[in-house]
Amino acid sequence: MKKRLYILAPNDRFNYGDLLFPYIVAHYLTLQFDDIKYVSTTKSDLSEKGGIPTEGYSSLFHTDPAWENHLIVAGGEALCVRWLPILSYINPNVNLLYRFAWKASKLIGSYSFDLFSSIVDFAFHTKTFFVFSVGKNELPQFKTIAYNALGGSGLLTNKTLTKKKAINILKSIDYFTVRDNDTSKALTEHGIQHSICPDTAIMMSEVFSEEFLLSHLTVPSTFSTEKYIFFQGNYQLWKEQNGLAAKQLEQLQNNTQYTICLCPISTALGHSDHIALQNIASCFTNRCKYVLIENPNIFDIMWLIKHSQTYIGSSLHGTITAMSFNVPFIGYGPRKLGAYIEQWSDNPELYFCEKDQLYNTFIKQHTKHSNPNMDRQKSLVISAFNKLIKLYNNGKF
């Protein structure tokens with residue numbers, strides 16, 4: 001019987017890391033299957049931004065029984081996330097509803113999210129409780145369901161895993177890896193079998209050659225001859241503190257004489273890097289040398305980070321790109337990024353800081369950088385792919 005792999009990932013919005021997952025997974029697993037289908041929450045085509053066109057979510061319920069079908073959730077902060085926040089990144093009306101739910105939560109607590117999630121589930125006729133945490137009870141048509149290096153750092157602080165439905169879904173998974181100890185601890189407390197594995201994006205330096213990246217660039221390749229610091233941040237992190245970001249970046253520019261390269265990594269609703277970076281640029285003095293990248297594709301982003309002197313950003317996959325290509329980096333912002341750096345670096349205080357300590361951390365790190373556990377991360381990811389290959393060939397690993 002022919003085998004078909006369904007790769008499920010949030011590939012219908014411009015978010016750098018999400019668009020990378022299908023490339024990495026397909027690169028290592030394509031020889032095990034006769035066909036691969038790429039699926040997201042909606043039918044989409046972001047090929048102009050470097051993404052792979054996707055089929056809509058409903059395709060998971062219309063598999064061909066003449067094929068042996070397998071499903072892999074390809075990565076991301078995907079564990080136990082309901083439809084409301086996921087659809088808020090692509091649907092302006094749901095985005096408004098999600099923001100209202102946040103405000104309502106200050107009055108009635110987390111029940112507001114359950115209430116508004118139920119409204120979205122009804123309005124969009126959703127067929128699964130979570131978007132990317134799906135189980136055999138919901139999708140029995142798949143011979144195997146695998147979760148590949150997922151994140152869920154918020155599981156420690158919310159009550160999702162106290163719900164019997166969530167536990168039953170997660171216990172039905174055939175192969176389950178997570179990317180940090182925060183997520184692992186939450187799963188262990190509820191007896192859910194899993195292992196810890198680095199994010200598969202760490203393999204991008206093995207998958208995307210310099211020649212490939214150059215052939216897909218929309219930014220000038222002359223950037224590689226300049227010395228610059230790559231900076232990324234999103235609107236929510238800097239909306240009232242653009243001057244703080246600009247001041248520190250200008251200090252870095254004066255200290256190093258490196259150009260500041262402001263480049264958005266996600267322009268999806270709820271991220272809006274491009275707005276944050278435009279606002280920060282407006283706070284620079286005339287003495288600051290910088291360049292603002294306005295409309296990059298994912299290969300521009302990867303190539304620019306690869307050739308930078310240092311990456312500074314709140315994006316997990318921007319940070320992992322720097323790790324993969326052995327570029328010094330400083331992360332700040334969300335807990336999922338801090339959790340990953342804590343998991344996969346020997347000296348996390350050199351690589352993660354509060355957003356008002358970017359300049360000081362750069363100075364402290366500058367003479368001490370060594371890429372934290374890059375080779376170990378890559379070795380563990382290869383081992384994980386080998387286990388998946390055994391699962392697909394033998395039904396066990």
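Trainee: To start, where is the place of tyrosine 111?

Mentor: Keep in mind that this is a predicted model. Tyrosine 111 sits in helix H4, which covers residues 111-124. Its relative accessible area is 64%, so tyrosine 111 counts as exposed. Together with Leu107 and Ile108, Tyr111 makes a nonpolar surface patch of about 410 Å².

Now for the charged pairs. The whole structure has 13 salt bridges. One of them pairs lysine 143 with glutamate 68, with 3.5 Å between the closest N and O atoms. Lysine 143 is in the loop between H4 and strand S4, while glutamate 68 belongs to strand S3, so this pair ties together parts 75 residues apart in sequence. Glutamate 68 is buried at 14% relative accessibility, whereas lysine 143, at 48%, is partly exposed.

Another salt bridge joins arginine 179 and aspartate 199, at 3.2 Å from N to O. Arginine 179 is in the loop between strand S5 and helix H6, and aspartate 199 is in the loop between strand S6 and helix H7, 20 residues apart. Arginine 179 is buried, with a relative accessible area of 1%, and aspartate 199 is buried with a value of 1%.

Then there's glutamate 206 with lysine 378, whose closest N and O atoms are 2.9 Å apart. Glutamate 206 is in helix H7 and lysine 378 in helix H16, so the pair ties together parts 172 residues apart in sequence. Lysine 378 is buried at 12%, but glutamate 206 is partly exposed at 47%. As for shared partners, salt bridges join Glu77, Arg179 and Asp199 into one network.

Note on methods
Residues are numbered from 1 along each chain as its sequence is written. This is a predicted model: local features need pLDDT of at least 70, side-chain atom pairs count only at pLDDT 80 or more; totals for chains, interfaces and linings use all residues. Side-chain values use heavy atoms; hydrogens and water are left out. Patches are made of residues with over 30% relative accessible area and no salt bridge: like charges are joined within 9 Å, nonpolar side chains (Val, Leu, Ile, Met, Phe, Trp, Tyr) within 5 Å. Accessible areas come from the Shrake-Rupley method with a 1.4 Å probe; for residues, only the protein chains shown count as cover. A salt bridge is a side-chain nitrogen of Lys or Arg within 4 Å of a carboxyl oxygen of Asp or Glu. Helices (H or I, at least four residues) and strands (E, at least two) are DSSP runs, numbered from the N terminus. Buried means under 20% relative accessible area, exposed over 50%, partly exposed in between (1.4 Å probe, protein chains only).
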